[in-house]
Amino acid sequence: MDTPANSPVRFGVFELDATTGELRRSGHRVALQPQPLEILRALIERPGEVVTREELRRRLWSNGAYVDFDRGLNKAIVKLRHALSDDADSPRYIETLPRHGYRFIPLPRVHAQVDAAPPAQGALTAGMPQPEGPASAELSPVSAETRHGWRWAALGLVLLALPAWLIGSWFRAAALSHSGPPANVAPAGAMAFAPPPHSIAVLPFVNISGDKEQEYLSDGLTEELLNSLSRIDGLQVVGRTSSFYFKGKDVDLGTVGRRLNVAAVLEGSVRRSAHTVRVTARLTSTVVGFQLWSETYDRDLGDILRLQSEIANAAATALKVKLTGDTALKVELGGTRNPAAFDAYLRASRIFWSASRKNNVEEAVAGYTEAIAHDPDYALAHSARSIALLTIWSWDRSASDNTLEAAMAEALRAVELAPELADSHLALGLVAAMSLDFARAQREFEQAMALAPGSERILRDYSGFATAMGHIDSGIAHARRAVQLSPLDPQNYGWLAQGLEEARRYDEAIAVLNEAIVLALASDPFMHARLGITYYKLGNFERAREECEIRRELPDAQMCLAITYEKLGRHRDARVELAKLRASAGDTGAYLYAAIHTQWGRPAEALEWLNLAMRLRAPDLIVLKIDPLMDPLRKEPRFQAIERELK
């Protein structure tokens, strides 16, 4: 770029002050750190040309000081992408040439026909005029404030396919905070945006009731619509975590479409008044920006189930999906027409999804119990209560065995009430797997997938179970599909990495985990322990130590450090970590201790702990067949006897 050294450099919506290192956009300023700033300068000096990694190494670390160059450069690129709101998968500014270098993408001229195209409509459209009228007023742009804080992801097979040292870590995925690409203009040389034609994302509906306490209703209706659409054959529906990633963010629909690779976005608003609601829904093409369909509904709360069916049917029709069978029957399956039951269910679901401790989940269980009291035949409430109870039991295994039995009873009741409801079979499959009834779990997972083949949640959960059962290729394939359906959900990357680990493809697993971190999908501190144990399995003990020491107070990290320190000859430190772990986990950590003693080369102690795990029916045993940490024991007769007993 022919620009004086002290003049601002403008590209896209950004302006770089080359003197101060400030990056400006729409009045906002970000001070780049020295390395990301130097990389950006190197790239914009040669737009369209490849700047090799070796060139950047010489430019950034010319003093010859020893650094982990690859890691240092990768971190600097991540920080730069974050500042630019750039996406590694769909880059607007920085294109990665794997193992070679980077290229600054020259911004194209926007042709007249593009300028003339109608802007994308909706609550997330930034800086564009909105049409006048009631719909516009109710779908005004939402706040750009990003909500932080811990939330729980769906139970999934968090406790099934991972060793015990990771139990609980995937429950506590951090809320995602980095924003998407800033412009809805395809860069020169980039592939044309061509998402699957029948793909859709449901963005969180906006609560315009004037009462923040009513947000559970708008969020809950969004989730129910998402679930309803996923039951329609032929539709590809983005998972909840990826859809809710955009809540409260000022992002245009074209960007949403590219981030999620969907052809259309369903958005809307909800206003509640006493026992009635006004719902405005709108479907917009993310490819051309045209509105495909919109409608406003005024309904009684007891008619919400039928409303879900109407919106789902209208959206599918607008996307030209060939509807087969009774769509309303599929959408309304397992629901309720009792407004008090529906209200209690939505309140409980909001608590469960944002729960950060056992007490929160117990509160959610109470809410589901209330919903069932209002409508004993509410199958969705029974399946949700089953999973919530299972969550309590898995988080605190000192809880009464009655908790696990109650979870089983609720799942069985859900299946009895709605045998065609995938959620019912998913709940029963999860409880059966935690009860070490693997044959039954397999049947229920298969039934759930048959009833909802496009459900990202079921695909993810089954991927972990399939991997644990030794069907590793199947597990990896289902995890990859889950990543496609919900590309902003860190759990999905975690399950894919888990499958790759069990296939002993450690380099690939590390790449997937690093991808999740690079995309800012896993600010969750537990991810570092996950990465550390993978490095351990690869034999890179120094990197394992480095990752696991980042949050060494966590049980996950303590397990990792206990075996890593031993390999590094730090025997006393290894025993300190084991002592910390035993102090917090007690006998429920029997499988953990077996793995640690196995890696310490103490098979007798390891087998004693495994026997205790068997007596306790520890759910961790589900991974015994494929856990690489247990490999040294596999020829031991007592180990083989345990495997036979587990079937």
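How many helices and strands are there in the chain? And once that's settled, which strands form the open sheet, and in what order?

Modeller: The chain has 27 helices and 13 strands, where helices (H or I, at least four residues) and strands (E, at least two) are DSSP runs numbered from the N terminus. Some housekeeping: this is a predicted model, so local features need pLDDT of at least 70 and side-chain atom pairs count only at pLDDT 80 or more, while totals for chains, interfaces and linings use all residues. Residues are numbered from 1 along each chain as its sequence is written, and side-chain values use heavy atoms, with hydrogens and water left out.

On to your sheet. Three strands make it up, in the order β5-β7-β6, with antiparallel pairing; two strands count as paired if DSSP finds at least two bridges between them. The edges are β5 (50–52) and β6 (94–97), each pairing on one side only. From one strand to the next, the twist averages 30 degrees. Zooming in on one pairing, β5 meets β7 (residues 101–104) over 3 antiparallel bridges, and V51 sits opposite Y102 of β7.

Two helices go with this sheet. Helix α2 (residues 53–60) packs on it, touching β5 and β7 (contact means heavy atoms within 4.5 Å), and its direction makes about 60 degrees with that of β5. Helix α1 (residues 34–44) lies across β5, β6 and β7 and runs at about 65 degrees to β7. For those angles, axes are lines fitted to C-alpha atoms, for helices over the stretch in contact, and the values run from 0 to 180 degrees between N-to-C directions.

Now the wider setting. Of the chain's 647 residues, 57% count as buried, meaning under 20% relative accessible area; exposed is over 50%, and partly exposed is in between (1.4 Å probe, protein chains only). The accessible surface comes to about 26100 Å², 51% of it belonging to carbon and sulfur atoms; that's Shrake-Rupley with a 1.4 Å probe, and for residues only the protein chains shown count as cover. Among contacts between residues at least 6 apart in sequence, 63% join residues at least 24 apart.

R413 gives you a local case of such a link. This arginine sits in helix α14 (residues 401–417) and is 31 residues from H382 in sequence, yet 6.8 Å away C-alpha to C-alpha. Leaving out residues up to four places away in sequence, R413 touches P376, D377 and H382. R413 is partly exposed, at 26% relative accessible area.

Buried residues of α12 are N360, V361, A364, V365, G367, Y368, A371 and I372. Down the axis they fall within an arc of 160 degrees, so they line one face of the helix; the arc is that of the directions from the helix axis to the C-beta atoms.

Last, a backbone detail to look up: R504, in the loop between α19 (490–502) and α20 (506–518), has a positive phi of about 65 degrees although it isn't a glycine.
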